[in-house]
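Open the model in your viewer and keep the sequence panel beside it. The stops below say what to select and what is there.

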Amino acid sequence: MTDTGSMSRMSRSARTDLAISLVLIAAAVALPFMIDSRYILGQIVLALFYATIASQWNLLFGFSGIFSLAQMAIFAFGGYATAMFCFYFGWNVWAALVPGALGAVLFSLVVGLACLRLTGVYVALLTLAIAQTMYLLIVTDTECFVMVGSVCRQFTGGAVGFARFGDLGTRALLRAQWLVGNYAIIALLFGITMVFTYAIVKSPIGLAFRALKDNPGYAVARGVNRFQAQLLVFGISAFFTGLAGGFYAAHFQAIGPGVLSMSQLMFIIAIVVVGGVGTFWGPLVGTVVLVLADELMRESGEFRTLGLGLIIALSVVLMPKGLVGRFGNLVRWLTRKRSGPASSNIVQSPAAAGK
């Protein structure tokens, strides 16, 4: 009966996820027809980038327990690699996106190898040090690598970064509606990322990731290879994060060291915390809430940061499992309350039969 109940819950969860996905697809298709403002559509595209990065950090930390702070560094690596392939070799952006993402995977594997013997806060400190080192190497790069006309360019672009190296082709194809085209492309990227992440989380590999998070000693004793699992989750997370970095660079036609700022990293972490660490829909919900809150407080000046901090603090104190976790608890409570009388009758029936 326990197995039957477990399978029933899994089936119900799968149906719920499918229903949510269909609603989101319908909303994503209808959105460009409902919004006339280019600014709002541009903010939605930016939010999709945030949600994509957050979903992969959630896979790394929420489902696998690896507290890495190198996520924005991997994102920047993918963006920089894509821009450099286009700038130095004259590649089309579409041809450079996958090599850029694979470069981000190689970078993440190096990070994973460096963190192999570490756990918890030590992983966080080392990955943060790697990200900050990457930032410093870029902004302090002043050596002339190539002359572009009369302008000397650094290998990494230096503090300026790279700009106008190519785009996704929507400007030439759709002209005035190019932003709608970019929105469709980034929304498709986010959708593919979420589908692949869902498949990983629900697979035996995802079970191994969660086992290493919940009880590493027991997982290793049961035959889970911590070395392989850690490198695998670093690589999987990095591919889509790096790919998002390439699309980000192509969408804005620019990439610079600003993407490595601490505020960007903290915003991604806050998205996952507010939405729900270790929940599939948490990154999307957290993105909607924080991006909307940030936009509503845009005219508040210094109170903007204070307001976001207050939202995060209240979320941590009042909803440790995030908004999705709180909603899940509410649904389970309502389900138990609704099925209470029926289950009570079932329990009493053997006693009644005995009488």
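Select Leu 212, which lies in helix α8 (helices are DSSP runs of H or I, at least four residues, numbered from the N terminus). This is a predicted model, in which local features need pLDDT of at least 70 and side-chain atom pairs count only at pLDDT 80 or more, while totals for chains, interfaces and linings use all residues. Residues are numbered from 1 along each chain as its sequence is written, and side-chain values use heavy atoms, with hydrogens and water left out.

Leu 212 has a relative accessible area of 13% and is therefore buried (under 20%, with a 1.4 Å probe and protein chains only). Show its surroundings: not counting residues up to four places away in sequence, Leu 212 touches Ala 219, Val 220, Val 224, Arg 226 and Ala 229 (contact means heavy atoms within 4.5 Å).

Next, select residues 178-202, helix α7, together with residues 204-214, helix α8. Their axes, lines fitted to C-alpha atoms over the stretch in contact, are 4 Å apart at an angle of about 70°. The two helices are therefore roughly perpendicular (65 to 115 degrees, on a scale from 0 to 180 degrees between N-to-C directions). On the α7 side, Ile 200, Val 201 and Lys 202 take part in the meeting with α8.

Move to residues 38-62, helix α2. Of its 25 residues, 19 are buried. At its start, a side-chain oxygen of Ser 37 comes within 3.3 Å of the backbone nitrogen of Tyr 39.

Finally, select Ile 255, which touches Gly 79, Val 160 and Phe 162, among others.

How values were computed
Expected span 1.5 Å × (residues − 1). Buried < 20%, exposed > 50% of the residue type's maximum accessible area, 1.4 Å probe, protein only. Polar contact = N/O pair within 3.5 Å; in protein donor to acceptor, adjacent residues only side chain to side chain. Parallel < 35°, antiparallel > 145°, perpendicular 65-115°, else oblique.
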